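Q: Hi! Could you walk me through this structure in plain words?

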Amino acid sequence: MSEVADREGDPAVARAHAAALRSIAREVVETVEPQDPSEARSGLLSMLGGGGVMALTGAGVSTASGIPDYRGPQGSWRKHRPMTYQEFRHDPAARHRYWARSFVGWRHIDRARANSAHRILAQLETRGVLLGVVTQNVDGLHAAAGSRNLVSLHGDLDKVVCLNCGNVEGRANLDERLAQANPGYAEAVRLDPRTVNPDGDVELPQAWVDRFRMVGCLVCGSVELKPDVVYFGESVPIERKERATAMLAQARSLLVLGSSLAVMSGFRFVLDAVRDGKPVGIVNAGPTRGDRRAHWRWRSDVGEALEDLASSL
């Protein structure tokens, strides 16, 4: 935190960085007794049967695609701390380190394919059961599976934005340019797929970070390039907030899938649904921040639960 503050000389940056670190470190623990699975399943079936459901999804929906979650039972949060927006924006060395590591790890994320949970949600939307999906994930798998009324709240890893001029470039194109600037680099790094984090980041020795060459923006040449995703310490763009809020306003109920709701950008939808008197159902492998407010809580693997629910509707 002091390094970020020293570089920028702005106490507001240091405060935002500290707040982001608190959010990253938040541990979600049990707050209520687990609900009987049959009761939870019955309630969720009734909710889905009424149609007009908004689904809010988190990392637990994508774990079956090989993308690890952050706060789940096997999550990466105890061994990996994501970079904050303040670090990325104001610390060039940290930003260079991120791109070296992400250049290697992104290949694993890019190979991920939609799983049965993504496909079932797309099918439920087609059937009129779901109004749409708001996802906290940045892997693009809901769109790949066919979800149409979709808000990617935290953005998408397949785009890169220049912090200097605002130019947007496809990640695949940037990857080609990075490969040309770093011939043989990714192939020479021995990567255990289990060490890839949800944001595509991996651990690399400093020697490999130092060897990495970053490329510049296609328009202005700046190396201040950033994945077009919302980092801890960064606000969700207002347009996405408004689209997600409008979807919830139209929805009859809220179904949370595979999210601990640890961050406010997701948790606020539970708060808003409860305020408006709309039922809330949660399917997650572990406890969530919204458990006390949910009508139904099914502690289950998301994919298995969705297959069960969809086949019973």
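Q: Thanks! Where is the place of Gly128?
A: Gly128 sits in the loop between H6 and E2. Helices (H or I, at least four residues) and strands (E, at least two) are DSSP runs, numbered from the N terminus.

Q: Before we go on, what kind of model is this?
A: This is a predicted model, where local features need pLDDT of at least 70, side-chain atom pairs count only at pLDDT 80 or more, and totals for chains, interfaces and linings use all residues. Residues are numbered from 1 along each chain as its sequence is written, and side-chain values use heavy atoms, with hydrogens and water left out.

Q: Okay, back to Gly128: buried or partly exposed?
A: Gly128 counts as partly exposed because its relative accessibility is 43%. Buried means under 20% relative accessible area, exposed over 50%, and partly exposed in between (1.4 Å probe, protein chains only).

Q: What does Gly128 touch?
A: Leaving out residues up to four places away in sequence, Gly128 touches Gly51 and Gly52. Contact means heavy atoms within 4.5 Å.

Q: Which residues are buried in H3?
A: Those are Ala40, Gly43, Leu44, Leu45, Met47 and Leu48. The buried residues of H3 pack against several elements, including strand E1 (53–57), strand E2 (130–135) and helix H13 (302–312).

Q: How far apart are the end C-alpha atoms of H3?
A: They are 18 Å apart, which agrees with the 18 Å that the 13 residues of H3 (residues 37–49) should span at 1.5 Å a residue. The expected span is 1.5 Å times one less than the number of residues.

Q: New topic: how do H6 and H13 cross?
A: The axes of helix H6 (residues 116–126) and H13 come within 9 Å and cross at roughly 35°. Axes are lines fitted to C-alpha atoms, for helices over the stretch in contact, and angles run from 0 to 180 degrees between N-to-C directions. The H6 and H13 crossing is left-handed. Left-handed is used if the near helix is turned anticlockwise from the far one by less than a right angle, and right-handed if clockwise.

Q: And which residues in H6 and H13 meet?
A: Ser116, Ala117, Ile120, Leu121 and Leu124 in H6 meet Gly303, Leu306, Glu307 and Ala310 in H13.

Q: How do H11 and H12 pack?
A: H11 (residues 238–250) packs with H12 (residues 264–275) at an angle of about 35°, and their axes are 11 Å apart. H11 passes H12 in a right-handed crossing.

Q: Last topic: which residues does UniProt list for "binding site"?
A: The unreviewed UniProt entry lists Cys162, Cys165, Cys217 and Cys220. They are spread over 59 residues of sequence but cluster in space, with a largest C-alpha distance of 8.6 Å. UniProt positions are given in the numbering used here, feature names are shortened, and annotations may be inferred rather than shown by experiment.

Q: Where is Cys217 found?
A: Cys217 is in the loop between helix H10 (206–211) and strand E6 (225–229). Cys217 counts as buried, at 6% relative accessibility.

Q: What about Cys220: buried or partly exposed?
A: Cys220 is partly exposed, with a relative accessible area of 34%. Cys220 is found in the loop between H10 and E6. Not counting residues up to four places away in sequence, Cys220 touches Cys162, Asn164 and Cys165.
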